[in-house]
Amino acid sequence: MSTTTSYAVAGRTRSGAAMATTSMLCVQVGLAVSVTLIDRVGAEGAAWLRLVWAGALFLVIGRPWRLRLSRSALGATVLLGVATASVTLLFMAAVARLPLGTASALEFLGPLGVAVARGRGTGRFVWPLFAAVGVLLLTEPWAGTADPVGVGFALAAACCWAAYILLTQRVGDQVQGLAGLSVSMPVAALVATVTVGPSVFGRMTPELLLAGLGLAVLLPVVPFSLEMLALRRLSTAAFGTLMCLEPAFALLVGLVLLDQVPRPLAVVGIAFVIVAGVGAERTGARDVITPEAAVST
């Protein structure tokens with residue numbers, strides 16, 4: 001590999017890591033902002049609002065009916081939509097039955113599994129191990145009493161998150177720009193509506209609907225777009241490990257916006273996941289992929 005090529009690959013890796021990091025920050029700020037909304041409409045109602053508005057926005061912006069996608073690309077985008085709705089709704093169901101730390105630790109088994117399965121070289125096991133230790137220190141799942149149904153929901157969310165990472169990269173490789181999201185997000189909105197819509201329709205008011213629109217831009221429109229772009233530049237192993245930085249962002253956002261002071265053990269956990277994230281960023285570049293599906297505008 002020439003020096004020029006090495007610099008280009010390093011630059012793509014850094015930009016991909018920056019996109020993934022920005023995405024995580026948007027997610028955590030969005031979750032902090034949505035606390036009041038969740039109190040009023042329930043966790044499933046907040047999830048439904050985010051997904052429905054995101055689906056509507058991508059319909060308007062992306063105009064998916066004008067796209068020309070291969071059968072493979074169309075199938076991948078539909079599956080991505082199902083995975084997107086599933087991970088959102090299942091995690092909310094887990095949080096309703098488990099302490100947030102326990103649910104988060106279990107859900108992070110998804111991206112950690114991707115990191116182990118898709119990694120190469122020594123980092124395949126070293127960086128996920130660092131991240132796993134950090135996640136455990138951050139969330140302290142042993143401190144709570146686990147509800148078996150809640151554990152099941154969290155593990156199902158972990159599987160869906162792993163599928164989301166793999167499918168996001170596949171869609172990003174096959175479809176130019178963010179066009180894939182103009183199909184996957186409306187599918188996610190449809191799945192959420194069929195699943196929980198009837199139970200939340202009665203709680204909606206014009207004020208809540210307007211608040212949901214603003215929240216959808218912060219979470220998931222911006223972060224999902226950044227994640228798709230990041231996965232064009234990073235391996236799924238690196239991306240899966242970088243996602244384990246999210247609990248650290250959760251602590252920082254909680255400290256700044258919610259006055260939640262982290263425990264000393266949590267600070268040690270932040271150090272572990274930062275080390276894992278740096279290691280993943282340095283070893284997680286991808287080759288340039290040319291989209292296989294043509295997009296018509």
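Is Trp 48 buried or exposed, and at what relative accessibility?

Author: The model is predicted, so local features need pLDDT of at least 70 and side-chain atom pairs count only at pLDDT 80 or more, while totals for chains, interfaces and linings use all residues. Residues are numbered from 1 along each chain as its sequence is written, and side-chain values use heavy atoms, with hydrogens and water left out.

Trp 48 counts as buried, at 9% relative accessibility. Buried here means under 20% relative accessible area, exposed means over 50%, and partly exposed is in between, with a 1.4 Å probe and protein chains only. Across the protein chain of 297 residues, buried residues make up 50%.

The chain's secondary structure comes to twelve helices and zero strands. Helices (H or I, at least four residues) and strands (E, at least two) are DSSP runs, numbered from the N terminus. UniProt, in an unreviewed entry, places a "transmembrane region" at several spans, among them residues 42–61 and 179–202. These positions follow the numbering used here, the feature names are shortened, and the annotations may be inferred rather than shown by experiment. Residues 42–61 are 100% helix and 0% strand, with end C-alpha atoms 29 Å apart. For residues 179–202 the figures are 83% helix and 0% strand, with 33 Å between the end C-alpha atoms.

Leaving out residues up to four places away in sequence, Trp 48 touches Ala 192, Thr 193, Val 196, Gly 197, Val 200, Phe 201 and Met 204. Contact means heavy atoms within 4.5 Å. Among contacts in the chain between residues at least 6 apart in sequence, 90% join residues at least 24 apart.

The structure holds three aromatic pairs. The pair of Trp 48 and Phe 201 is edge-to-face, because the ring centres are 5.4 Å apart and the planes stand at 70°. Trp 48 sits in helix H2 (residues 35–62) and Phe 201 in the loop between helix H8 (181–200) and helix H9 (206–230), so the pair ties together parts 153 residues apart in sequence. Rings of Phe, Tyr and Trp (its six-membered ring) pair if their centres lie within 6.5 Å; planes under 30 degrees apart count as stacked, over 60 as edge-to-face and the rest as tilted. Phe 201 is partly exposed, with a relative accessible area of 42%.

Phe 130 and Phe 272 form a tilted aromatic pair, with 5.8 Å from centre to centre and 40° between the planes. Phe 130 belongs to helix H6 (residues 123–139) and Phe 272 to helix H12 (residues 264–283), so this pair links parts 142 residues apart in sequence. Phe 130 is partly exposed at 31% relative accessibility, and Phe 272 is partly exposed at 27%.

Trp 48 also belongs to the largest nonpolar core, which has 77 residues; those with the most contacts inside it are Trp 48, Trp 161, Tyr 164, Ile 165, Met 185 and Phe 239. Helix H3 (residues 71–95) gives the most to this core, with eleven residues. A nonpolar core is a set of buried Ala, Val, Leu, Ile, Met, Phe, Trp, Tyr and Cys residues joined through side-chain atoms within 4.5 Å.

Thr 84 lies in helix H3 and is buried at 1% relative accessibility. The C-alpha atoms of Thr 84 and Phe 224 are 9.5 Å apart, for a separation of 140 residues in sequence.

Helix H7 (residues 148–174) has 27 residues and spans 39 Å from its first C-alpha to its last, close to the expected 39 Å. The expected span is 1.5 Å times one less than the number of residues. At the start of H7, a side-chain oxygen of Asp 147 comes to within 2.8 Å of the backbone nitrogen of Val 149. Gln 174, also in H7, is buried at 9% relative accessibility. The side chains of Gln 174 and Ser 72 are joined by a polar contact of 3.0 Å. A polar contact is a pair of N or O atoms within 3.5 Å; within protein, one must be able to donate a hydrogen and the other to accept it, and residues adjacent in sequence count only if both atoms are side-chain atoms.
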